[in-house]
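Here's a quick tour of one protein model and its ligand. Have a look at the structure first, then read on.

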Amino acid sequence: MSASRDRIARPSLPDGFDDSRARERADDPTGWRFSDPERAAVWRAIAERRDIRRFRPDPLPDELLLRLLEAAHQAPSVGLMQPWRFVVVRSEETRAAMQAIALRERLRQGESFDGRAREFLALKLEGIREAPLSLCVCCDRGADDEEVLGRHTIRDADIYSTCLAIENLWLAARAEGVGVGWVSFYRAEDVQDLLGLPARVVPVAWLCVGYPDERPVRPGLEAAGWGRRLPLDELVFVERWGRSLDTRRAPARRTDGPESEPAALPEWWRRLASAVRPGDPVAALRVRDASDDLVKPTGSLGALETLAEQFGLVTGAPPPATPRAGVLVLAADHGIAARGVSLYPSSVSAQVAAAAARGETAIGVLARALGAELVVADVGLAGPRPRGVLDRRVAEGSADMSVGPALEPAMLQQAVETGYELASDLAARCDMLLVGEIGIGNTTAASALLSALTGLPATETCGRGTGIDAQMLLRKQELVATALAVNGLPAAGDPLECLRRVGGLELAALAGALLGAAAARRPVLLDGFATGVVALAAYRTVPALRDYLVAGHRSAEPAHARVLVELGLEPLLDLRLRLGEASGAALALPLVGLAGRLHAEMARFDEANVERAKGMA
Ligand SMILES: Cc1cc2nc3c(=O)[nH]c(=O)nc-3n(C[C@H](O)[C@H](O)[C@H](O)COP(=O)(O)O)c2cc1C
């Protein structure tokens, strides 16, 4: 910021908002903690909370009960669902009925303990009638089809949330000297009947609550010799199941899951992949800290801020204001094209590549308009070599994947290595790479590859490509299904093998290009469906690659959306493009430069003026 510019005081936020500063948080990351005595009290409540089974009859003040319920109600919950419901039971009659249920279930369980039955029956496991009140903590599970944020894959997350509410109440009760005893000897339907709970409401816990008539210092079951607290280091693994914290110790006792070995990938691929290092999250944080200082509400530049952070992650700095961009367009032909899956014959691939190199196709125009360096390379076209196109041909197109593998192993390796070299060369002159492809029939290959990688049926991975009609789409789907069956996919293939069997030369070269760019620590703007599927295949074997990938756009090819979800990438643009050639990536390029300019040129809040601003508020 120039010295002559007026300094802008950061306005303070109203109560209820996070008014901390990025710099403050960076200078003292521990600054959110409690004072020493407060922390000691929290730790004490955790260590000295006990399950209580003996109670005094003295009633609990209503006000105290309410505060305990407030503690429960402050628990975290999935999607802020707050599924907990509390039934306060004081009725002697109901508690007696509940005790009868618990005693019956206790005896039933006793029968299944065989050797330890006598020991089990000697334990006191409930205080339902002694305690002046019971709390039935329930979970309202809602309708089965109700979509709750965060409960999409884990249906029981609402039950977990309810348990957290119970723990909150339990800890607060301990601090207040109130005893809580959890009883789980019941069948849900019995409690549902007893309390008139609707079917969707599950009783998670029956809690006996009152002043304790015991003050145990350790768990009752431990005192009774039923069990003991396990050493923590037997329960903590490092990075993978079974790897003990203490490296000197043999594998921890509780190892019942074998370590799954990653699929054996060829040595040449592993060599290229090993050059791709994960980004630096600390550098990303530095960029975010700096973004938070700009004169704007925190996070208000949305995806542009994410983009700036991603550049930080990968390059250590926000995007340059005028990034030097290199566009790499790889061209090849596909044997499958002879089966009529496109509106155009294979010969068109070479013509388009030549026109692109002359700057006459969409990418030619866009690269010129954006001042980007365009490299169009033939990595596997068939027939005469197109003029002006960089000749790095690996083979005369790929084989027809509906009768056998698209590529021989040596072709796959050569194509990948070619793409890697092309990207490495270009990366040396550029801040970032844009990748795209030309190849009649390559959306069919990309669809097959996506099916192979994800198990999705051809009907969900095939789209209209160049604009085929419904009948051709049907043929395309059938051919993809055949190609998968003939090549033993998806069952028999690691991602690289999928790429070999149903990919293509430009797709393989693109995989290499992604690795080459990432190895040079250059972010990559992906184009549409084909580049996305290749990125997915490469990412599945090289997880660090994802740090480098930016989705330029979401294309009109329906399965592209699915690819982006699998990659976990949000597209910058959605313009219904379906052209390929890196044209969508190119259209997104200005956003990268603008994100960089905003980061570099916006004024920063004058922290010195903050207090004055607060005083005015
Ligand atoms: C899900 C759950 C169900 C429990 N059910 C019973 C029960 O039916 N009867 C009982 O006496 N204690 C029950 N307890 C209490 C545990 O036995 C007790 O928490 C454990 O032995 C450790 O003791 P502490 O809570 O005093 O640390 C339950 C605890 C949990 C978390």
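By class, the shell around the ligand holds 7 nonpolar, 1 polar and 4 charged residues. (Ala, Val, Leu, Ile, Met, Phe, Trp, Tyr, Cys and Pro count as nonpolar, Asp, Glu, Lys and Arg as charged, and the others, Gly among them, as polar.) Keep in mind that this is a predicted model, where local features need pLDDT of at least 70, side-chain atom pairs count only at pLDDT 80 or more, and totals for chains, interfaces and linings use all residues. Residues are numbered from 1 along each chain as its sequence is written, and side-chain values use heavy atoms, with hydrogens and water left out.

Who's in that shell? The ligand is surrounded by Arg49, Arg50, Asp51, Arg53, Leu125, Trp170, Trp182, Val183, Ser184, Phe185, Pro219 and Leu221, where being near means having a heavy atom within 4 Å of the molecule.

| Residue | Atom on the protein side | Distance to a ligand oxygen |
|---|---|---|
| Arg50 | polar side-chain atom | 2.8 Å |
| Asp51 | backbone N or O atom | 2.7 Å |
| Ser184 | backbone N or O atom | 2.7 Å |

Taken alone, the ligand exposes 620 Å², and the protein buries 74% of that (Shrake-Rupley areas with a 1.4 Å probe).

On to Gly179, which sits in strand β4 (residues 179-183); strands here are DSSP runs of E with at least two residues, and helices are H or I runs of at least four, numbered from the N terminus. Gly179 is buried, at a relative accessible area of 1%, with buried meaning under 20% (1.4 Å probe, protein chains only). Skipping neighbours within four places in sequence, Gly179 is in contact (heavy atoms within 4.5 Å) with Ile52, Phe55, Cys208, Val209, Gly210, Tyr211 and Pro212.

Asp292 belongs to helix α10 (residues 281-292). Asp292 is buried too, with a relative accessible area of 7%. Beyond four places in sequence, Asp292 touches Arg10, Ala22, Arg25 and Thr298.

Last stop, the nonpolar cores: sets of buried Ala, Val, Leu, Ile, Met, Phe, Trp, Tyr and Cys residues joined through side-chain atoms within 4.5 Å. The largest has 87 residues, and Trp269, Leu514, Leu526 and Leu549 touch the most other members. Helix α19 (residues 505-519) gives the most to this core, with 11 residues. Leu514 has contacts including Val435, Val524 and Leu545. A second, separate core of 31 residues includes Val327, Leu572, Ala582 and Ala586.

Definitions and conventions:
Polar contact = N/O pair within 3.5 Å; in protein donor to acceptor, adjacent residues only side chain to side chain. Buried < 20%, exposed > 50% of the residue type's maximum accessible area, 1.4 Å probe, protein only.
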